[in-house]
2 protein chains.
Amino acid sequence: MAFPLVDQLDIVIPTIRSGAILRWTLAPSPRAGAFGSIRNLEFLEEWRPFFQPYHLIIIQDGDPTRKIDIPAGFDYEIYNRNDIERILGDKAWAISFKDSACRCFGFMVSKKKYIFTIDDDCFVAKDPQGKPINVLEQHIKNLLSPSTPFFFNTLYDPYREGTDFVRGYPFSLREGVPTATSHGLWLNIPDYDAPTQMVKPKERNTRFVDSVMTIPKGTLYPMCGMNLAFDRELIGPGMYFGLMGEGQPIGRYDDMWAGWCTKVICDHMGVGCKTGLPYVWHSKASNPFVNLRKEYKGIFWQEEIIPFFQNLTLSKTSTTVEECYLELAEKVRKGLGHIDPYFTKLADGMIAWIEGWRMLNPAKSA
Amino acid sequence: MAFPLVDQLDIVIPTIRSGAILRWTLAPSPRAGAFGSIRNLEFLEEWRPFFQPYHLIIIQDGDPTRKIDIPAGFDYEIYNRNDIERILGDKAWAISFKDSACRCFGFMVSKKKYIFTIDDDCFVAKDPQGKPINVLEQHIKNLLSPSTPFFFNTLYDPYREGTDFVRGYPFSLREGVPTATSHGLWLNIPDYDAPTQMVKPKERNTRFVDSVMTIPKGTLYPMCGMNLAFDRELIGPGMYFGLMGEGQPIGRYDDMWAGWCTKVICDHMGVGCKTGLPYVWHSKASNPFVNLRKEYKGIFWQEEIIPFFQNLTLSKTSTTVEECYLELAEKVRKGLGHIDPYFTKLADGMIAWIEGWRMLNPAKSA
């Protein structure tokens, strides 16, 4: 087996141990037990054939005194809350606590060009022929081939073997643009919100859709952080997962926030976001009652936030992702602050995030 | 087998007999023989289990004295050039001659709510389980379920069984909007332009992508007329296939033209365009040398036409498809006339088309 980009890609994994305890504590429903068991990172055993040569960055999201067991033979670094405080100092508050949003600290400390991030309840999926899917290989294919955000290709990814641009596709657009983000999907448990989980508790995703496509320019999408890869150089400073978890009024919008911000910035910078293959096997539905509590403000706030992002234009003077992100922070402060004081704090968090990014990535920022 | 909407849908088929003769005459290459044989509508035999209860509208695109053989047992009406002249009088010039673009006359004379149009070199495809695909049934599903043009759903059509809107999809957008167009795809011979056909003469589409999706608002796509269904009430007057074939400087852009126009109008009217399933089996590649001759002006013109459509805004006072189309005709005259006098004629053709439409569809226009 080949291991593409093995020296250029980090795998970022948030551990959700304390989160699991928190969920169990706060949701003493009959179902909670199913979600509250404390796991270690044994999910890596199943990924070993695919991940072992890669470097892992593990972010421990709760009690720093807990010891996380990591299967032997993996090359990793691990950061807990104390490490984040030590490294980021007065910017550390911008990294969420007791929430998988803390994974973005891993994006910041990585020194590699590419990131793949995955949740620890995601396992190896199989294609319709029964073959285990090499998730990294497909993400890397997606990231290394261009995107086509300016015109839709009806046969999907035109760079894939056996496919091309169809009749009527402008030739001037066939070179495409660099790909910043590769958003993979999930078989088994679909990524539903709490109300949909409650209404359709038994729904499972069994449909393997054999395609990758570029999300068109000007179109927003719900980016899920479960199975996601991106190019740090092209979009890294935009991949902040916001303020979630302990002490914050919402949760489960960390990846959505990053998705809205990165899509708007990618559109501005002329780079692409892809979605589709590869699939992972998502094993467990999180507790819908807990999810509802975390999500409910987001569910109505997003009705205002999404039009805000849809109508947002970044200025021509913002020519780097960091500049775009700082401009976006001010727009969030002005444009969303009226919804809740949270958005003012979030705007401050966005600025602190960029300050932290610059501190840890000085060469790129210069 | 159920035959949904059997009283509300017409199947429109252009015959390309004279077109085939023309191609054979003008392209005396060694390969031309393969494309020049005169076929009748025997392709209907394979479709009989699916199409027989539906009404067919056949448009004969060349020499009106030729007799077309139609397999027994189908319910049909047929129009040749003489019929078009008789029915449309001084507007008949707007219907292309010796080109499958003439199919849009069938859209105009239909009295039904829905149209399905298919080329006579398209046969029944099979799904990955080997089951023949009921193309009409899938198009009807697409047309009768809503579209979601305002936000991308990463699990594709949210109305399909086993699927829903994913986390982060705004609840206010989950009702969707009515679907105007259902664009189906092709297995075997992909719909490539002449240069791609020449470069990849052996490429075949073998990938069955099991999805239907809405083309997002603001995004154009290359709409192919081979396997297409639409709602006449929602978009019919926009489905003009332009001036192609004999006496015109281009060909093979008839469906592209209709695709650009209908997408812009659908976006303005707040209705949706879907693409994906169902597949047909496209049996024969047309002659790439002949195609190049027909297409080459389109290939460079589209580099200006597509940005024109991408930047086009229809005025709020255009509240019906007919009004939108007339406004579009004037924008084409002003915005594209500098490319070639053809576009001035096309703008006149667009107006003549609407006049013809109103003549044949007086109640809807009132």
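Predicted model: local features only at pLDDT ≥ 70, side-chain atom pairs only at ≥ 80, totals over all residues.
Let me begin with helix 4 of chain A, which covers residues 81-88 and in which Arg81(A), Asp83(A), Ile84(A) and Leu88(A) are buried. If you look down the axis of helix 4 of chain A, the buried residues fall within an arc of 160 degrees, so they line one face of the helix. What do the buried residues of helix 4 of chain A pack against? Their partners in chain A are strand 2 (55-60), strand 3 (75-79), helix 5 (104-109) and helix 12 (342-360).

At the start of helix 4 of chain A, the backbone nitrogen of Asn82(A) has a side-chain oxygen of Asn80(A) within 2.9 Å, and just after the helix, Gly89(A) takes a positive phi of about 55 degrees.

Now please turn to strand 9 of chain A, residues 272-282, where 10 of the 11 residues are buried, so the strand is largely enclosed by the rest of the structure. Strand 6 of chain A, residues 179-188, pairs with strand 9 in the parallel sense over nine bridges, and here Thr179(A) stands opposite Gly272(A). Strand 5 of chain A, residues 122-124, pairs with strand 9 in the antiparallel sense over three bridges, with Val124(A) opposite Val280(A). Strand 7 of chain A, residues 212-214, is also antiparallel to strand 9, over three bridges, and Val212(A) has Gly276(A) as its bridge partner.

How values were computed:
Residues numbered from 1 in each chain as written. Chains lettered and ligands numbered in written order. Heavy atoms only, no water. Buried < 20%, exposed > 50% of the residue type's maximum accessible area, 1.4 Å probe, protein only. Helix = DSSP H or I, 4+ residues; strand = E, 2+ residues; numbered from the N terminus. Arc of directions from axis to C-beta. Contact = heavy atoms within 4.5 Å. Polar contact = N/O pair within 3.5 Å; in protein donor to acceptor, adjacent residues only side chain to side chain. Pairing = 2+ DSSP bridges.
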